[in-house]
Amino acid sequence: GSFNHRFAQPSRHSSGHTDVFYPTEQFPFNDLPQTDSVTGKTVGLLDRCEAQGVTPRIFYTNTSTEYWNRGASLVHTDVAGAQDVALPECVRVYHFASTQHGPGEIPAGARETWPPNPVNFRYVLRALLVAMDAWVRDGEAPPESRYGSISEGTLVRAAAVSFPKIPEVDLLKRMRVPLRLNHGDSWKEGTISKEPPDLGAPYGVLVPALDIDGNEVTGIRMPEELVPLGTFTGWRFRPANHGASDAMVGLAGMWVPFARTEVERETRADSRPSVEARYANQEAYVGCVARAALELVEARLILPQDVTQVLRRAEKMYTWVMEEGITP
């Protein structure tokens, strides 16, 4: 975020194509002390809290968009992206797998372009709010952190990501890589004196690995991804008529549905198995979603009272893919 400097705008941020050098991704990124080998600085985000004995309990929540466009991996790796780092006991990190910054709605009627990513992580946010309250009020430990790691091979360089063969859709090549920026000698006092800033070395940002469907293999995987009807991304390309069509739209993702039948899949040369090959019918699909939702309830990541709504959304998604949705 943009905080603690003159004219800071907390809701504004640098992005892959706009506000590129706005001061938001800045060292340090870890809660515990870390060292930047380029600058030689060693500091942690919670140093002052720890010294004063006022460290809060913290949940960090990030969507896939934050990994592709905001350098979210730096929260739990070193600045080079070479190794995982430890988290304090007072911290949890939760990555909402295969999501965009804010979930889209289920489309109504036919579409000529890929719809926004509808994977709804709001249900997890509701459950985590209850978990945070129980942690602070009663000392009940919250769910363990869920995010990709270098050691397990679930957090990788963008160039190492394997993406399925999907007609008219290629993997984003221009993910955002934040740089070390020099805003002038007075920056340490909170004033920008050099604009535009001097550009330094890039940070080592990583992204979650993908499965054969193009969905992320790690983090909190919502029922829409555990029982998928397509590929869900945290990025999408700018429209061709806007220019720079190989660059990403700031905080948007997309849903690329599977082919409905195997004949359709073969005709389109889509490497992903069709809906027909995965689920016998809508009832079978919703049953799979129900099992996935109940597993998340057991993990305290969905509230029991929200399962009914999850199933209603699943019915609508299946109906749209099989009856109304069209592909470009």
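In this predicted model, aspartate 133 and arginine 137 sit four residues apart in helix H3 (residues 122-138), a separation of about one helical turn. Their side chains form a salt bridge, with an N to O distance of 2.9 Å. Side chains of opposite charge can pair when their charged atoms come close.

**Setting of the H3 pair**
- Aspartate 133 is partly exposed, at a relative accessible area of 37%.
- Arginine 137 is exposed, and its relative accessible area is 61%.

**Salt bridges around arginine 268**
- Glutamate 264 and arginine 268 are also four residues apart, about one turn, within helix H5 (residues 262-268).
- They form a salt bridge whose closest N and O atoms are 3.8 Å apart.
- Both glutamate 264 and arginine 268 are buried; the relative accessibility of arginine 268 is 17%.
- Aspartate 270 is buried at 1% relative accessibility, and a salt bridge links aspartate 270 to arginine 268, with 3.8 Å between the closest N and O atoms.
- Through shared partners, salt bridges connect Arg260, Glu264, Arg268, Asp270 and Arg272 in one network.

**Charges overall**
- The structure contains 18 salt bridges.
- The protein has 33 positive and 41 negative charges, and their mean positions lie 4 Å apart.

**Fold and packing**
- The protein has eight helices and ten strands.
- Its radius of gyration is 21 Å, close to the 20 Å given by the globule rule for 328 residues, so the protein is as compact as a globular protein of that length.
- Buried residues make up 49% of the 328.
- The accessible surface is about 15,700 Å², with 52% belonging to carbon and sulfur atoms.

Definitions and conventions: Residues numbered from 1 in each chain as written. Predicted model: local features only at pLDDT ≥ 70, side-chain atom pairs only at ≥ 80, totals over all residues. Heavy atoms only, no water. Helix = DSSP H or I, 4+ residues; strand = E, 2+ residues; numbered from the N terminus. Rg over C-alpha atoms; globule rule 2.2 N^0.38 Å. Buried < 20%, exposed > 50% of the residue type's maximum accessible area, 1.4 Å probe, protein only. Areas by Shrake-Rupley, 256 points an atom, 1.4 Å probe, with all protein chains shown as cover. Lys, Arg positive; Asp, Glu negative; His and termini not counted. Charge placed at Lys NZ, Arg CZ, Asp CG, Glu CD. Salt bridge = Lys/Arg side-chain N within 4 Å of Asp/Glu carboxyl O.
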